[in-house]
Every structure is written in C-alpha cells, then in structure tokens.
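Biologist: I would like to learn how to read a protein model step by step. Could you take me through one, giving the general idea before each case?

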Amino acid sequence: MKERLARLKAVRKLIKTYRIESQATLLGLLQKEGFLVTQATLSRDLKLLKVGKISDGHNGYVYSLPGDDELQETERTYAHDFMRGYISIEWSGNLVVIKTYSGHSDSVALAVDNLGLDDVLGTISGRDNTVFVCLREGISGEDFINRMKESMPELED
C-alpha cells in the first residue's frame with residue numbers, strides 16, 4: 001500500500017478532476033490509481049482533508065475540497081487554540097506529554113489531531129490539564145516538536 005501522504009494527494013487530485021458523488025466511486029478511482037484502501041480509512045482521509053459535499057446544481061451532491069484560504073484559517077484557529085492552552089511539552093520514546101492550563105486539554109488535543117501530522121497516531125486528553133500523544137514508530141519527540149514548529153513557529157521548546 002502506498003504511503004498516506006501520496007494517498008491524500010491522490011484523493012485531492014481525484015476530487016478536483018472528477019465529479020465524485022459517493023465514497024464508493026472515490027474508492028474505485030483510488031483502486032485504479034493503485035491504492036488499496038478501506039472505506040473506513042477513506043472516511044478518515046476525507047475528514048482530515050476537510051472534504052465536504054456541495055450541490056451539483058441539479059439533484060445531487062459532489063465532493064469538494066476547502067479553499068486554500070479556508071484551510072489556512074482553520075489551521076490558524078487550531079494553532080491559536082494550541083498556543084493558548086499549552087504550558088510544556090516533554091517526551092520519552094514515542095510518547096509525548098503536553099501539560100496544559102486547567103481546562104484546555106481537550107482543545108489542545110483537538111488541535112494536535114487536526115493539524116494533520118502524519119507522525120501522530122493519536123491523542124488522549126486527560127481530565128483537565130494533560131494530553132498524551134502517541135507517535136508512530138521511529139518518530140521521536142524532537143521530530144514531533146520540529147513538525148509542530150513548522151505549523152506554529154512561535155512554539156517554544
């Protein structure tokens with residue numbers, strides 16, 4: 001199976017090129033491109049890419065990608081939520097612990113989840129002020145921090 005980034009790029013290209021009305025159609029097109037993907041994975045990809053459906057002007061709906069301005073604004077919102085809530089970031093192996101101000105763990109975890117970092121397997125928001133981030137095998141906490149700084153240059157170590 002090809003890498004996730006290549007698949008996401010292919011999904012974007014297909015949605016821009018074709019009038020796609022269903023996930024089944026998109027799955028078929030992805031298979032023709034050489035991607036073996038399940039419907040559940042495709043659903044996650046569509047959510048990550050913030051794909052929506054818009055009226056085709058007749059009686060149906062087709063998939064649509066957000067505009068660049070809309071996507072940049074969404075990323076800025078998540079970055080702002082993260083910066084507003086986090087206190088510190090530490091790691092051990094492929095686990096990262098983000099300490100947050102009281103009541104901000106959910107918004108910080110949501111920001112990490114929605115920044116679309118392929119290095120992140122997932123997050124768990126603590127009850128109040130801690131977020132655990134599980135990184136993919138081979139990805140270090142330092143790698144994670146560097147990728148976060150690409151999205152948020154104002155992030156301090």
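Modeller: Let us begin with pairing, for which we need a rule: two strands count as paired if DSSP finds at least two bridges between them. Please keep in mind throughout that this is a predicted model. With that rule in hand, look at strand β5 (residues 120-125) and strand β6 (residues 130-135), which run antiparallel and are joined by five bridges. A hairpin of four residues links β5 to β6.

Biologist: How many bridges join strand β4 to β6?

Modeller: Strand β4 (residues 95-100) is joined to β6 by five bridges, and these two strands run antiparallel. Within that pairing, Val-97 stands opposite Phe-132 in β6, and Ile-98 has Val-131 of β6 as its bridge partner. As a general idea to carry along, the side chains in a regular strand alternate between the two faces of the sheet.

Biologist: In what order do the four strands of the sheet come?

Modeller: The order is β3-β4-β6-β5, in an open sheet with antiparallel pairing. The edge strands, each of which pairs on one side only, are β3 (86-92) and β5. If direction is ignored, neighbouring strands of this sheet are turned against each other by 20 degrees on average. Helix α5 (residues 105-114) packs on the sheet, where it touches β3, β4, β5 and β6, and its direction makes about 170 degrees with that of β5. Helix α6 (residues 141-151) lies across β3, β4, β5 and β6, and it runs at about 145 degrees to β3.

Biologist: Now for helices that pack on helices: at what angle do the axes of α1 and α2 cross?

Modeller: The general idea is to take the angle between the N-to-C directions of the two axes, on a scale from 0 to 180 degrees. The axes of helix α1 (residues 4-17) and helix α2 (residues 23-32) cross at roughly 120 degrees and come within 10 Å. Because of that angle, α1 is oblique to α2. The crossing in which α1 passes α2 is right-handed. On the α1 side the contact is made by Arg-7, Ala-10, Val-11 and Leu-14, and on the α2 side by Leu-26, Leu-29 and Leu-30. Sorted by class, the contact of α1 with α2 has six nonpolar residues, no polar ones and one charged residue.

Biologist: Are α2 and α3 roughly parallel or roughly perpendicular to each other, and why?

Modeller: The axes of α2 and helix α3 (residues 39-48) come within 11 Å and cross at roughly 100 degrees. Angles of 65 to 115 degrees count as roughly perpendicular, and therefore α2 and α3 are roughly perpendicular to each other. Their contact is made by Gln-23, Leu-26, Leu-27 and Leu-30 of α2 together with Gln-39, Leu-42, Ser-43 and Leu-46 of α3. By class, the residues of this contact of α2 with α3 divide into five nonpolar, three polar and no charged.

Biologist: Finally, which domains does the domain assignment give for the protein chain?

Modeller: The assignment gives domain 1 (1-64) and domain 2 (69-151). The C-alpha centres of domain 1 and domain 2 lie 26 Å apart, and the contact takes four residues from domain 1 and seven residues from domain 2.

Terms used. Residues are numbered from 1 along each chain as its sequence is written. This is a predicted model: local features need pLDDT of at least 70, side-chain atom pairs count only at pLDDT 80 or more; totals for chains, interfaces and linings use all residues. Side-chain values use heavy atoms; hydrogens and water are left out. Angles under 35 degrees count as roughly parallel, over 145 as roughly antiparallel, 65 to 115 as roughly perpendicular and the rest as oblique. A crossing is left-handed if the near helix is turned anticlockwise from the far one by less than a right angle, and right-handed if clockwise. Contact means heavy atoms within 4.5 Å. Ala, Val, Leu, Ile, Met, Phe, Trp, Tyr, Cys and Pro count as nonpolar, Asp, Glu, Lys and Arg as charged, and the others, Gly among them, as polar. Domain bounds come from an automatic or database domain assignment.
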